[in-house]
Amino acid sequence: MKLIERKLYLDKMKSVVGTPDIKVITGVRRSGKSKLLESFKEYVEKSIPDHNIIHINFNLVKYEQLKDYHALYQYIDNAYVEGKSNFVLIDEVQLCPNFELTINSLHAEEKYDIYITGSNAFLLSSDLATLFTGRTFEIKVFPFSFAEYSEYFGFSDKYEAFDRYMLEGGMSGSYLYKEQEAKYDYIADVFDTLIVRDIRQKYNIRNMPLLNRLVDYLMDNISNLFSTRSITNALTDMPNKVNHITVNTYIQYLCNAFAFYRIRRYDIKGKKYLASNDKYYLSDHAFRYAKLGTKNLDHGRVLENIVAIELLRRGYEVYVGVLYKKEIDFVAIKRNEKVYIQVADNISDPTTFEREISPLLAIKDAYPKMVIARTRYEEYQYEGVRIIDIADWLK
């Protein structure tokens, strides 16, 4: 498979070389965490003198005997070289039961620079502080961005590239298949056999029909605002009675595994976060097509999903904006930076353009505002609001 340098993530890893943190690479299954670890290994080999790399990939049979935390510790301890920079790289660490005992012990010795990846259901962002006694640094990996997709295929026409990216998404393992149907078979298989399987194993889920139905519902309703109770009410045709507490728990499991991302609401005027009604976006929009089909492409929803994930990829906190009963698709916040964003498929119709622009013009503060759409024109401004084609914004 062709490899490209995923500079965004690799730069983050380079920036923490030599720090005492335990570096944890997280992200949805098949998003490229293992390949990123290999790229980092190549960087260390080329750029850091007097290095010693201890690399363990639990996907490989040759490391089967290390799936005991005592054996894992002993192997690493024996491989340590005095006077060198000792890097410990462990892929799929969760396959070693009680791996955290080994990692914590290695960290306490202050002799190693530690980097690990693992299955998301077993290595949750929310659990890192509990698992590890040392400080952790999380590198959040997403499927291929549009910029990475364009680099991978070498497109010259950005608009043609984006049209294909909308259909194919960022799960790079699917790029090896020539037929679109085969690509979707691969993507659906990743979701069903890896993501859902991990969740089932981790949480011992017995009501799989409910989980599968919930997945389909969330996929079909990306970008819609709803509460747990409204979702529960929509699933009333299930054979057994559905409890909103169970639904909420299952949604949290799906978010823990990075299948979906929950986006909360933000009151722009009151400058406060709102508790009720959230939106959910897929970690990669192609999961929707692979699981539900392409009869209803619903470009507007998919564009919104792509923008939401790109904002998260760029390190923003992302919220749905609320102002005087009007909705702003996204309020993106990063430290002192804030930007208001509306997303649309086609704004050539004056009525549609007015609908998208009016909520932004109603915001009285001076933070940047933009409409992202498939304009296929160069960027321009309307009363201080940036109007930009989505392909340009993504690149």
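Reader: Hi! Looking at strand β11, residues 369-373, how many of its residues are buried?

Author: Hello! In this predicted model, 5 of the 5 residues of β11 (residues 369-373) are buried, so the strand is largely enclosed by the rest of the structure.

Reader: And which way do the side chains of β11 point?

Author: Lys369, Val371 and Ala373 point one way, while Met370 and Ile372 point the other way, and all are buried. In a regular strand, side chains alternate between the two faces of the sheet.

Reader: Good. In what sense do β10 and β11 pair?

Author: They pair in the parallel sense, over 4 bridges. Gln342, for example, has Val371 of β11 as its bridge partner.

Reader: What about β9 and β10, parallel or antiparallel?

Author: Antiparallel: β9 (residues 326-334) and β10 (residues 337-343) pair that way over 5 bridges. There, Ile333 has Lys338 of β10 as its bridge partner.

Reader: Let's zoom out a bit. What is the order of the strands in the open sheet of 8 strands?

Author: The order is β7-β6-β8-β9-β10-β11-β13-β12, with mixed pairing. β7 (272-282) and β12 (380-382) stand at the edges, and each has a single partner strand, so one side of each is left without a neighbour in the sheet. On average, neighbouring strands of this sheet are turned by 35° against each other, direction ignored.

Reader: Nice. Which strands are in the open sheet of 5 strands, and in what order?

Author: That sheet runs β2-β3-β4-β1-β5, and its pairing is parallel. Its edge strands are β2 (51-57) and β5, each of which pairs on one side only. The twist from one strand to the next averages 15°.

Reader: How many bridges join β1 to β5?

Author: There are 6 bridges between strand β1 (residues 22-27) and β5, and the two run parallel. Ile25 has Ile139 of β5 as its bridge partner.

Reader: Switching to pockets: what volume does the largest pocket have?

Author: Its volume is about 1100 Å³. The lining is made up of 31 residues, and Lys140, Phe258, Tyr261, Arg262 and Leu312 lie nearest the centre.

Reader: Which elements each supply at least two residues of that lining?

Author: They are β5 (136-141), α11 (244-256), β6 (260-267), α13 (299-313), β8 (317-323) and β9. By residue type, the lining of the largest pocket divides into 15 nonpolar, 6 polar and 10 charged.

Reader: And the second largest pocket, which residues lie nearest its centre?

Author: Those are Gly32, Lys33, Ser34, Lys35 and Leu36, out of a lining of 37 residues. This second largest pocket has a volume of about 910 Å³.

Reader: Which element gives the most to the lining of the second largest pocket?

Author: That's α2, with 9 residues. Elements that each supply at least two residues there are α1 (7-15), α2 (33-47) and α8 (180-203). The lining of this second largest pocket has 11 nonpolar, 11 polar and 15 charged residues.

Reader: Which residues line the largest cavity?

Author: Among them are Phe144, Phe146, Tyr165, Ser283, Asp284 and His285. α13 gives the most to the lining of the largest cavity, with 5 residues.

Reader: Last topic, cysteines. How many disulfides does the structure hold?

Author: It holds 0 disulfides. A disulfide is a covalent bond between the sulfur atoms of two cysteines.

Reader: Is Cys96 buried or exposed? And what about Cys255, buried or exposed?

Author: Cys96 counts as buried because its relative accessibility is 0%. Cys255 has a relative accessible area of 16%, so Cys255 is buried too, given that buried means under 20%.

Note on methods:
Residues are numbered from 1 along each chain as its sequence is written. This is a predicted model: local features need pLDDT of at least 70, side-chain atom pairs count only at pLDDT 80 or more; totals for chains, interfaces and linings use all residues. Side-chain values use heavy atoms; hydrogens and water are left out. A disulfide is a pair of cysteine sulfur atoms within 2.5 Å. Buried means under 20% relative accessible area, exposed over 50%, partly exposed in between (1.4 Å probe, protein chains only). Two strands pair if DSSP finds at least two bridges between them. Axes are lines fitted to C-alpha atoms, for helices over the stretch in contact, and angles run from 0 to 180 degrees between N-to-C directions. On a 1 Å grid over the protein atoms alone, a cavity is a set of points where a 1.4 Å probe fits but cannot get out, and a pocket is an open set with protein on both sides within 12 Å along at least five of seven lines; lining residues have an atom within 4 Å of a point. Grid points are joined across faces, edges and corners, and a volume is the space filled by probe spheres set on the points. Ala, Val, Leu, Ile, Met, Phe, Trp, Tyr, Cys and Pro count as nonpolar, Asp, Glu, Lys and Arg as charged, and the others, Gly among them, as polar.
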